[in-house]
Structure formats: C-alpha cells, structure tokens
Amino acid sequence: MRETEVLVVGGGPAGMVAAIEAAERGAKVVLTERDDRLGGQLIKQTHKFFGSQKQYAGSRGIDISKLLEEKLSNNPNIEILTETTVLGIYEDGVVTMEGANKHLKLKPKRTILATGASEKFLPFANNDLPGIYGAGAVQTLMNVYGVTPGQRVLMVGAGNIGLIVSYQLMQSGVEVAAIIDAAPKIGGYLVHASKIRRAGVPIFTSHTILNAYGQEFVEGAIVASLDDKWQPILGTEKDLAVDVICLAVGLSPLTELCWQAGCEMKYIPEFGGYVPRKNEFLETTVPGVYVCGDAGGVEEASAAMVEGRVAGISVAASLGFGLNIVQDLEAALKDLDQLRSGPAGEKILKGLEKLFARGKQHVS
Amino acid sequence: MLAKTGIPTVEQVCQVSPSQERLAAGPVAVIECFQEIPCNPCWEACAKGAILGMDDMNNIPQLDLDKCNGCGTCALKCPGLAIFIIDSSYSSTEAVVRLPYEFYPLPEVDEEVIGLNRAGEKLGKFKVIKVQKGGKQNKTALIWIAVPHELAMELRNIRIERVVNVG
Ligand SMILES: Cc1cc2nc3c(=O)[nH]c(=O)nc-3n(C[C@H](O)[C@H](O)[C@H](O)COP(=O)(O)OP(=O)(O)OC[C@H]3O[C@@H](n4cnc5c(N)ncnc54)[C@H](O)[C@@H]3O)c2cc1C
Ligand code: SF4
Ligand code: SF4
C-alpha cells in the first residue's frame, strides 16, 4: 500500500499552511481536497481581511489563496490531489479516499484534519421554498460562478458572514432589503455593519423570521421583533417582499472523520458543535491525528492559518524534522494568543478552556 | 446605538472629530473604528507613525493629529472601510471628503453623485473631484467629493444614479 509521512485532509487556508509548514521542514506531504481547486472558503472571499500583516490582513481572501497555492506548487515535497474526498480513517491507520472515480488507499504516519465547517440551517415555516439559501452557498454562486441568486434579499444573521455576504450582494447589484438578527446586538464587526448601513440597508436586531411565503418560490418573508425572552411580539410583524432569503446563522465543524478516527469529542457551543479534544500542539486524543482550522472549532481564516502553522510544525517535529522547532512553535503559539487576546477572542478562549480542561495531558 | 443599528452615535463621532483648527490646516484622517477587534492594517500602513496604541492588535487605533498629513494610505488599506480623509482647506465654502469605495462602476471626475450620511440617508448631490484608485491588488478606491463645510463630518457614502439611454 502507498505510504506517506503526512496526509493533510482539506485544502482550505488551514490545510494549505499545514502542508507548507510540514513540507518546508522536510516531510513528504499528500494534500487532498474534495473540490476541483484549492482554497476552501478563501476562493469566495473578495473582501479584505482583518488580522495583521503576518496573516495577510488588508489582502483579499482570494489573493491569499493564490499566494499559498504558489508556495505549495513550488515545494517538491508536496503532492496535491484535488477532486479527492477522504472517506474513512481506520483503526490500522489506513485512510481511504475517492478521486477521479477511483478508490484509493493510503497509509500516512501522521494525519492532519483540516476539513472546515458546514452551514447551519434554521427552522421556520416554508423554509423549503426555492430561493432560500445558506449565505456560503450564495457567496459561492456569486463569487466563484458569477451568478446572482435573485433581485432582493432578506439576510438572516448579522454576524460577520451575514454582513459580508450582504455587502457582496450589493456589490453584485442585488438589493438587500434588510439584515435581521435574533440577538439584541450585531454579532459581526461593527465596521462592517456601518459600511452596510451607510449604503442604506437597515439592520434589525432582536428580530426573527416567522415564515416565508410564495407559490412556487420565495415571494416574501414575515419578520417580527423579539422580546427580551426571545419571543416574537404580537403586532410587530413586517412583510418584506423578497425573492431570496439568505441564512447566515452559524457554522458547525465538519468532524465526521474525527468521529471515525475515534477521537474523543466534546460539545463546545462556542466552537459551533462537537469538536475533537486536542492539546495545544493540536494533536487529538488519537496519537498521530491532528486537527486545525474550522474543523477543530469555528473561528476565522487568520486563526486557521496560524493553527495550520502549529499543526504543520508539530507534525514535522514529531517525525524528527526541523531545526528551530521550539522557537518556531513558540512564535506560532504566540501569534494565536495575540489574535485571540481581545474581546473578539473571548468566546474562542472560553471554548478552548473547556476543551483543554482534560485534553492537555492526553498527548505527549 | 452602534451595536444595534450600525450607526455610530454623535458622541462616538465627536470623539474622533479633529478640531476646527486642525481641519482647516489641511487633510487629516478620521478613523471611525469604535470596537476592539483583532486588526491593524491601518497602523501597519502609516509611514508617518501617526496611528498609535496598536502594540496590541486588538486596541482601537488612536490618531496623532499633528503627525497625520492625510495621505490616505491607511484609508485604502483598512478592511473595514472605516477611515475617511477630510480636507477643510479645499476652499472657503467647500471641504473635500475622501471616502473608500468598492462598487463598480466607479464614478467619474466632475460627475454629480448622491451623497449619503452614516444612516444611508440622502444629503443631496455633490461633485466628484478625483477618483484615486488603490491599485491592481487593493482595488479599493478613494473618491474625493466636494461638500459644503458643514457636511464634511456628515457625508460618508455616495450612490451613483445614471440615466441609462435605451435604444
Ligand atoms: C462569508 C465569509 C466571510 C469570511 N470572512 C473572513 C474574514 O474576513 N477574515 C477571516 O479571517 N476569516 C473569514 N472567514 C472565515 C474563514 O473563511 C474560515 O474560517 C476559514 O476558511 C477556515 O479555514 P479552514 O481551512 O479551516 O476551512 P475551509 O476554508 O472551509 O476549508 C476546508 C476544505 O476542506 C475540504 N474538505 C472537507 N472535507 C473533505 C474531505 N473529506 N476530503 C477532502 N477535502 C475535504 C473542503 O472542500 C474545503 O476546501 C469568512 C468566512 C465566510 C463564510
Ligand atoms: S492619512 Fe496617511 S499620515 Fe494620516 S494616518 Fe493615514 S497613513 Fe498615516
Ligand atoms: S484597519 Fe480599519 S478596521 Fe482595522 S483597526 Fe484600523 S481602522 Fe479599524
């Protein structure tokens, strides 16, 4: 059977950086991506990123992806398999995948899971009408395929994704009727909210969607205010004529492979669902299996890239590669701390606290 | 309130407004970034060292009004499009607001565009006096709009309305 030193599952920012870091230190890496191109979420991010220069802040996601791709393709230690979906991880360490209509098997010494996250849905009446999308799907339609989803959109969710996708809808010439959020405050960065507001789009906090309506497809939505117990207030219903309802109500980590590998899992609401226990070097409770990026807890591309760095360096170190491992690891861990040290990172730190509670001792 | 509506309060705007004297002295940045977020490209972009207090990237940027010459580099870089350059020395009746803009088509010089305030409400029609492109990589443009002095701290966005001639 084919063997490799490192297998990276998922070619988003976390997986790409992990592959680069491990390969630059000498490890032979196979990087698999189920899509036909690398980049993960980055390829549809046409807005400029936050963070600091080290994480390419001020650059647009799509350009960051190109930069990383170049680094990957210049490294002879990396083999890239696109259109290759990892299907299973077995007890004997064998990983199975499907690519180009072939079933492949691979035995890696170390595996890094960087599978990202999937969108959550929301229950409301008629939510199965055509015209109701996840925000990520709308972003893919517009920014990867150049197709707009409709003419007038109701955005549900005022977190960063809801705000950014609203902005990109407007950039594509689509009208955004309103952004609503059940929470009493805007969850995303307020600079994003302000730039949408000054373009004339109202943001209604403490609001929910009661139902969608329409014959064959969405023709409108009824929204209402919520009281402080998050219950709809009678008589506050508003009827919005829209042909698209876009849901940006959160992401949950894609962890099927972690479950299958036998990783100890824990439900961490701050991270969007069940995530594998891990130590600070991002190794799970299954020796040799690492997790980084949104798959280990929904966060941001900037954090995903630094986590990729940590996982890549850790894996290389555990295989005996690399010279300044300790300094490199310390620097990466420090960058992560920095990213998470402000009020915006509080949620993540809370999640980590729960996750590390017993996890730290698990692995060497 | 900003966290509910996306519109900064009068107090918040006052906090970041340069004095009348500083405004009259020439172009200066107005940084409308009121929340601690992990972000610092404005600080990294400023060659004058006019943006302070960012040794922790979560801090809110502070502007040294004397060091800032209103060059606009930070405004082109800011991912939040939260920085505006105000030049009240433009003429005795008008000031220039330079605002970051990311919609195509870009306005043209001398074109009349609709000016909007922080709530997206119309303030009237104003003339574009310059379109400063951010470059191939950056793509954000700074649009220079001439406005009456009293609107220099009000106008924050524009909308282009062009009559399309069909057939
Ligand atoms: C609208 C929006 C705006 C955002 N804006 C910002 C921002 O301004 N700044 C910021 O820092 N972050 C931002 N983010 C967040 C950021 O995009 C994500 O946090 C980041 O992409 C996570 O990286 P990742 O590598 O963990 O996952 P992803 O980017 O999701 O990549 C995971 C990859 O794994 C692949 N994959 C999954 N399962 C398998 C399998 N079994 N086999 C093979 N491949 C598999 C997927 O196809 C995907 O390509 C935004 C996200 C969205 C949706
Ligand atoms: S306008 Fe120029 S000098 Fe002023 S803060 Fe921005 S980059 Fe610095
Ligand atoms: S770059 Fe913009 S959003 Fe980021 S800290 Fe500076 S002013 Fe705020």
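Predicted model: local features only at pLDDT ≥ 70, side-chain atom pairs only at ≥ 80, totals over all residues.
## Ground rules

Local features here need pLDDT of at least 70 and side-chain atom pairs count only at pLDDT 80 or more, while totals for chains, interfaces and linings use all residues. Side-chain values use heavy atoms, without hydrogens and water, residues are numbered from 1 along each chain as its sequence is written, and chains are lettered from A in the order in which they are written.

## Salt bridges in chain A

Searching the whole structure turns up 14 salt bridges over all chains, a salt bridge being a side-chain nitrogen of Lys or Arg within 4 Å of a carboxyl oxygen of Asp or Glu. One of them pairs Lys354(A) with Glu270(A) at 3.1 Å, N to O. Lys354(A) sits in helix α9 (residues 346-359) and Glu270(A) in the loop between β17 (265-268) and β18 (273-276), so this pair ties together parts 84 residues apart in sequence. Helices (H or I, at least four residues) and strands (E, at least two) are DSSP runs, numbered from the N terminus.

Lys354(A) is partly exposed at 31% relative accessibility, whereas Glu270(A) is buried at 12%. (Buried is under 20% relative accessible area, exposed over 50%, partly exposed in between, with a 1.4 Å probe and protein chains only.)

Then there's Glu299(A) with Arg340(A), at 2.9 Å, N to O. Glu299(A) is in the loop between β19 (289-291) and α7 (301-318) and Arg340(A) is in helix α8 (residues 325-340), so the link spans 41 residues of sequence. Glu299(A) is partly exposed at 21%; Arg340(A) is buried at 6%.

## A buried pair in chain B

Over in chain B, Arg156(B) and Glu32(B) form a salt bridge at 2.9 Å, N to O. Arg156(B) belongs to the loop between β8 (141-148) and β9 (157-159) and Glu32(B) to the loop between β1 (28-31) and α4 (41-45), so parts 124 residues apart in sequence get tied together. Both ends are buried: Arg156(B) has 0% relative accessibility and Glu32(B) has 8%.

## α1 against α7 in chain A

Helix α1 (residues 13-24) packs on α7(A) at about 30°, with axes 7 Å apart. Axes are lines fitted to C-alpha atoms, for helices over the stretch in contact, and angles run from 0 to 180 degrees between N-to-C directions. The two helices therefore count as roughly parallel (under 35 degrees).

Residues in the contact (heavy atoms within 4.5 Å) include Val17(A) and Glu21(A) from α1(A), and Met305(A) and Arg309(A) from α7(A).

Conventions:
Parallel < 35°, antiparallel > 145°, perpendicular 65-115°, else oblique.
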